Amino acid sequence: MDGGRRRLLRGAALMPLAVGAVTAATADVPDLPEAPAGRSPAQLAGDEDYWAAVAAQYDLGDEVVMLDNGYWGAMARPVLQAYTQATAEVNRGNAWFGRVAFPQRMREVQRQLAGFLGVGEDEVVLTRGATEALQALIGGYNRLRPGDQVLYADIDYDSTITAMRWLRARRGVEPVAIALPEPCGHAQVLETYAQALQRNPRLKLMLLTQVNHRNGMLLPVAEIAAMARARGVDVIVDAAHAIGQVETRIDALGADFAGINLHKWIGAPVGVGAMYVRRGRVADIDPFMGDPDRGIASRVHTGTANFAAFLALPAALAFHQRIGTAAKRARLLRLRDHWRDAVRALPGLQLVGPDEPRLSSAIASFRLSGQVTLEQNIGVARRLLEEHGVFTVHRDGLAHGACVRVTPGIFTSPAQMDRLVAGLRGLAGAA
C-alpha cells in the first residue's frame, strides 16, 4: 500500500473524532449566561436581560421586525460556526469525505438525535425536513385497502393534505376532510375528532398536526390518538412545529409514525428533519420506490443531502438544550400573549387561534373583520410591511377564511411586538 493511500485511510479512521470536538465546542456558549437558579420557566420568560443575552447569539438583520419565524429558525452563532466549519471540511474532502468519512459521522449524529428525542436509534432517520418525512410515511403506509377511509383536517399542512388526497389514486381509499371550530377549545377539539371517528367507521389512518402552521393550535395529540387507537385507526403525526417548542416525547404521543423538523424550533441549518417509526411498525411503511429493505433508512430516499447541515445538528441540539424547551415555550407564549392581549378589544380585528394556554404555541394569527379571502390577507401582510416595517405572512386553508400569521422567535423583543401592535391599531382603525 502506498503512503498516500495509507494517509487517506488513516485520516478516515480519525475523522469521526471531529464530530465530538465540534459538539463539545458548541455545547459551551460562554456569552450565554446560565439561567438564574431556582426560577421557573414562567419566571424566566420575563427576564429581559437573559433573553437579550440569548438574542445576542444571533446575527440578525434589522431591515424589518421579523415575525415570520415559523418559516425556519435562524441559526445561533455557535451553530452557524459549526455549519461553516463543516462546509469547509466537506468541500475539502469532496467525494472521499462523502463516501468514506461521512457515513460514520452521520451515525453519530443520528445517535445524538435519537437520544434527544428519547427513541431508539433504529426508530429515527434524518431527512431534509418534515415534509419529506411525512410524504414518505403517508405514501408508503401499506395497510390501506380499497374502500378504507383516511382523515385530515383544515389545520393540516398543505403538502400533507395533498398526500392524503393522493391516497385515493394510490390506494383506492376515501379521503375525509374535517374542519376545526373557530374559536375552538380543548373539549371542542376532542369532540370534533370523536365525531369524525364515529361518523366514519371505515377509517384506518388519521393525520394529526401537533402544532399547525395556520393558527398555531397545539393539538392534544395523545388524547386524540388514544381515541383512534381504540377504533383500530393508525395516526401519523406532523410534529414539524412542536419539536423544540413543546416538551414532546415522541413515544408518549400514542402514534407510531411522525415527521419532524429540526430547522424550525431547534435552529439547525435549513434542510434538516427526521422521520420516526416506532419499533415493530417499519414493515407497515413500504421501502421508498422499491428500495431494498434496510429498516427505517430505506423508507425515505433523500439522495445527496447537505452533509454539512446534518453535521451541524449536534451544535443546534447543544444550543437548544442550553436554554431548554420549557424556557423557550414560556418565553414564546409570553411574546404571543403580549401582542394578542394588547389588541384583543380592538374593533375591526379578529384574533384567530386558541385562547387556552394548553392549546397555544408561539404561532397565532389574525384577520381584519370580514376580510376572509386570500387576496385580502395578502394585502394586510403587505401593508404591515410597507407601512410599519413588520414582516408577517398570510395563511390560507382554514375553513373559516384566510388570515395573517404572526410568529415571534426567542430573539424577539417586547419592543418589536409593540411595533406589531401599533401597526395593527393603524390597520384596524383604517379598515
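I take a salt bridge to be a side-chain nitrogen of Lys or Arg within 4 Å of a carboxyl oxygen of Asp or Glu. The model I am looking at is predicted, so I note that local features need pLDDT of at least 70, side-chain atom pairs count only at pLDDT 80 or more, and totals for chains, interfaces and linings use all residues. Residues are numbered from 1 along each chain as its sequence is written, and side-chain values use heavy atoms, with hydrogens and water left out.

Entry 1. I looked up D256 and found a salt bridge with R281, the closest N and O atoms being 2.4 Å apart. D256 sits in the loop between β6 (234–238) and β7 (257–261) and R281 in the loop between β8 (273–277) and α10 (307–311), so the pair ties together parts 25 residues apart in sequence. I use DSSP runs for helices (H or I, at least four residues) and strands (E, at least two), numbered from the N terminus. Both D256 and R281 are buried (under 20% relative accessible area; exposed is over 50%, partly exposed in between; 1.4 Å probe, protein chains only).

Entry 2. I followed shared partners and found R143, D234, D256, R278, R281 and D284 joined into one network of salt bridges.

Entry 3. Which residue pairs with R331 in a salt bridge? I found E48, with the closest N and O atoms 2.9 Å apart. R331 belongs to helix α12 (residues 325–343) and E48 to helix α4 (residues 48–55), so this pair ties together parts that are 283 residues apart in sequence. R331 is buried at a relative accessible area of 1%, whereas E48 is partly exposed at 33%.

Entry 4. I counted 25 salt bridges by this rule.
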